[in-house]
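Hello,

Here is the structure I promised to pass on. Have a look at it first, and my notes follow below.

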Amino acid sequence: MTGFLNLVLSLSREAHFFAELGPECPMPIPKCLYSSVSWFSNAFIIVMQDCHPARVLSNIDEAKRAFGSGEPFDTSLTSPIEHVELACDEVTKMHAKYLNDRSLTSKHWIIGAETRATGGRVADEYGVTFLFVTKAWAKTRAMVTTKTWPSTPWPDRFVGYMDELAEYVQSRKHEIGQVAASDLWPFTLVHGDFHGHNILIKDDGPRPDTVILDFQILQLADPVADLGKLLLFALSPEVRRANEERLVRKSYDAMLEAGLDGETYPFSLYFDRYKFEGAVAVMMVVSLLDTLMADGKDDEHIVPMIFPLH
């Protein structure tokens with residue numbers, strides 16, 4: 001698992017992004033003062049502006065306190081919808097700019113670029129995802145339910161919710177795989193880790209602005225992948241259900257303007273894939289907790305952040 005994380009979580013990828021794509025990126029990012037990557041050792045240097053007094057979109061400290069209080073979990077905790085919508089609008093600008101941009105397939109440092117450059121099947125990537133999610137969750141679940149988990153006890157309801165997500169991911173395996181097998185589904189540059197801790201809000205002016213951080217998991221993937229992760233992680237169930245169709249529709253309309261074939265890919269399919277990508281994102285994070293949270297403490301942050309999913 002450590003090798004998998006080293007492959008995916010690459011700071012040198014962020015340096016490549018700022019050096020090669022940052023100057024033209026339509027999404028608000030920190031000003032990069034210097035960025036360089038060694039082609040021989042993959043060592044890198046990144047010097048960025050100080051974004052103070054901006055703050056993160058999602059305040060995890062509130063969720064952490066509620067999670068450890070011993071009281072029923074407060075599922076009303078949510079990030080402000082106006083800030084989440086602003087973040088969606090900004091990342092959609094990047095999705096639209098790079099929709100089906102084949103020039104990105106030559107950038108070996110982007111996840112998924114080589115697959116598309118060499119004619120590899122996107123369906124194979126989905127097969128790896130399904131295998132990882134199901135097997136990794138089984139291992140994590142066993143540790144939690146047998147009380148061998150090294151950190152924060154999980155509420156039984158949370159384990160039940162994750163079981164439902166795992167069942168949903170499995171139930172859609174054939175249908176989603178069939179779509180991916182066509183190798184025609186549109187791709188774009190996707191942030192890959194688009195959640196409230198990687199989005200800064202600056203509201204000291206006449207209107208709020210965002211700054212997007214952390215480009216270690218940049219990939220060529222579905223435009224809806226970023227929306228699925230953000231909306232499930234940042235919004236309460238009630239707020240998400242009231243707004244997700246409208247927000248995903250805004251993304252879809254922008255993709256149509258950028259050249260998406262609306263007859264081949266109707267909004268119903270786009271919205272369905274948004275839900276699927278959100279479920280997979282949550283399953284991935286929870287399944288990786290025993291590796292990511294090696295100190296046995298940090299899942300006190302992550303589990304509360306994604307607990308009120310239902």
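**A buried pair and a bent helix**

Arg273 is buried, with a relative accessible area of 2% (buried means under 20%, exposed over 50% and partly exposed in between, with a 1.4 Å probe and protein chains only). Its side chain meets that of Asp222 in a salt bridge, 2.4 Å from N to O; the term stands for a side-chain nitrogen of Lys or Arg within 4 Å of a carboxyl oxygen of Asp or Glu. The pair links distant parts of the chain, with Arg273 in helix H11 and Asp222 in the loop between strand S7 (219-221) and H9, 51 residues apart. Asp222 is also buried, at 4%.

Please keep in mind that this is a predicted model, where local features need pLDDT of at least 70 and side-chain atom pairs count only at pLDDT 80 or more, while totals for chains, interfaces and linings use all residues. Residues are numbered from 1 along each chain as its sequence is written, and side-chain values use heavy atoms, without hydrogens and water.

Helices (H or I, at least four residues) and strands (E, at least two) are DSSP runs, numbered from the N terminus. The chain has 13 helices and 7 strands. Helix H10 (residues 237-258) has 22 residues and bends by about 45 degrees at Asn243, the angle between axes fitted to the seven residues ending there and the seven starting there.

Glu85 lies in helix H4, so the pair ties together parts 165 residues apart in sequence.

Best wishes

Terms used. Expected span 1.5 Å × (residues − 1).
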